[in-house]
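Dear colleague,

Please find below the structure that I am handing over to you. My notes on it follow directly after.

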Amino acid sequence: MQCPFDSSVKGLLLEVLRKVDEVLDSKYYQNALRARATTDMLIGSVSQVALNHIGMLVVDEIQNVANSKNGKSLIGALTQLINNSGISICMVGTPESSRFFESAMQLARRSVGLQYTSMSNDNYFQEFCKVMFKYQYVQKRTEITDGILTWLYEHSAGITSVVVALIHDAQEIAILNGKEILNLESLNEAYQQRLSLLHGYIQPSISQGKQTSKIKKKALVPTAMVTDNETLNDCISIADLVDKAKNENMDIVQLLKSNMSVAEVAV
């Protein structure tokens, strides 16, 4: 289930009942609404339901408790639910939720356990990438290489969900543009087009000058190095050439080259 956006205790307990009804086809949720159950009543009923039907409760988006004034009340309700029913609770969220649990001793004591964060570039991560790379839906099948493994770690920071998104979106882009191949080029397009908002969080080593995978050099772009008040052949001004290029739909760089020397620099 998902943690309520406002960390509402009642909303959390009702969501537990609703999820149980989806699996068991029961009417716990409807009965709670019909009885207009209070929060105290819901904790008792949810504890009984959890004791009979739930082995482990997974609460996603738990970072919502860190941004709400009701956060500690929600964690207290979950603690009471654990004590009453004896079930285990797995809380899933972004790294900011860790700082919330570390802010108070009672919260830190109740959150002791395994923490799954970003992976290191070890054999386990590489094997995960190799398994994911087998799910290819493009026409031209490719094999994963050491360069692709290094690239995937650089551009995912060891976050498995990002790896899945990269491999999926790279194939989607390759199918749409007709290239039908999963390689570094299609992976890089997926990273630039689909994951642009995550660049600041992933912070790949390429932004720090430590790129290990090969990236094609950009082509030279011709740039005219002239000033506004400079004139050509003492009779034609830059403004006249710009107007001529616009009116006749001409390439301004080529037009400048025909009247003066133009230096090309890489940008």
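Two aromatic pairs are found in this predicted model, where rings of Phe, Tyr and Trp (its six-membered ring) pair if their centres lie within 6.5 Å, and planes under 30 degrees apart count as stacked, over 60 as edge-to-face and the rest as tilted. Phe125 and Tyr153 form an edge-to-face pair, at 5.2 Å centre to centre and with 85° between the planes. This pair links distant parts of the chain, since Phe125 belongs to helix α7 and Tyr153 to helix α8 (residues 146–154), 28 residues apart. Helices (H or I, at least four residues) and strands (E, at least two) are DSSP runs, numbered from the N terminus. Phe125 counts as buried at 1% relative accessibility, whereas Tyr153, at 24%, counts as partly exposed. Here buried means under 20% relative accessible area, exposed over 50%, and partly exposed in between (1.4 Å probe, protein chains only).

Trp151 and Tyr191 form an edge-to-face pair as well, with 6.3 Å centre to centre and 80° between the planes. Trp151 lies in helix α8 and Tyr191 in helix α10 (residues 184–194), so the pair ties together parts that are 40 residues apart in sequence. Both Trp151 and Tyr191 are buried.

The buried residues of α8 are Ile148, Leu149, Trp151, Leu152 and Glu154. They pack against α7, α9, α10 and α11 (199–202), a contact being heavy atoms within 4.5 Å.

As to conventions, residues are numbered from 1 along each chain as its sequence is written, and side-chain values use heavy atoms, with hydrogens and water left out. Because the model is predicted, local features need pLDDT of at least 70 and side-chain atom pairs count only at pLDDT 80 or more, while totals for chains, interfaces and linings use all residues.

Two helix pairs deserve a description. The axes of α7 (residues 123–133) and α9 (residues 160–176) come within 10 Å and cross at roughly 30°; axes are lines fitted to C-alpha atoms, for helices over the stretch in contact, and angles run from 0 to 180 degrees between N-to-C directions. The two helices α7 and α9 are therefore roughly parallel (angles under 35 degrees count as roughly parallel, over 145 as roughly antiparallel, 65 to 115 as roughly perpendicular and the rest as oblique). The crossing is right-handed, that is, the near helix is turned clockwise from the far one by less than a right angle. Phe125, Phe128, Cys129, Met132 and Phe133 of α7 meet Thr160, Val163, Val164 and Ile167 of α9. These residues divide into eight nonpolar, one polar and no charged, where Ala, Val, Leu, Ile, Met, Phe, Trp, Tyr, Cys and Pro count as nonpolar, Asp, Glu, Lys and Arg as charged, and the others, Gly among them, as polar.

For helices α3 (residues 39–53) and α4 (residues 71–85), the axes come within 9 Å and cross at roughly 50°, which makes α3 oblique to α4. This crossing is right-handed. The contact involves Ile43, Val46, Ser47, Ala50 and Leu51 of α3 with Gln80, Leu81, Asn84 and Ser85 of α4, and by class it has five nonpolar, four polar and no charged residues.

Overall, the protein has 13 helices and six strands, and buried residues make up 33% of its 267 residues.

Yours sincerely
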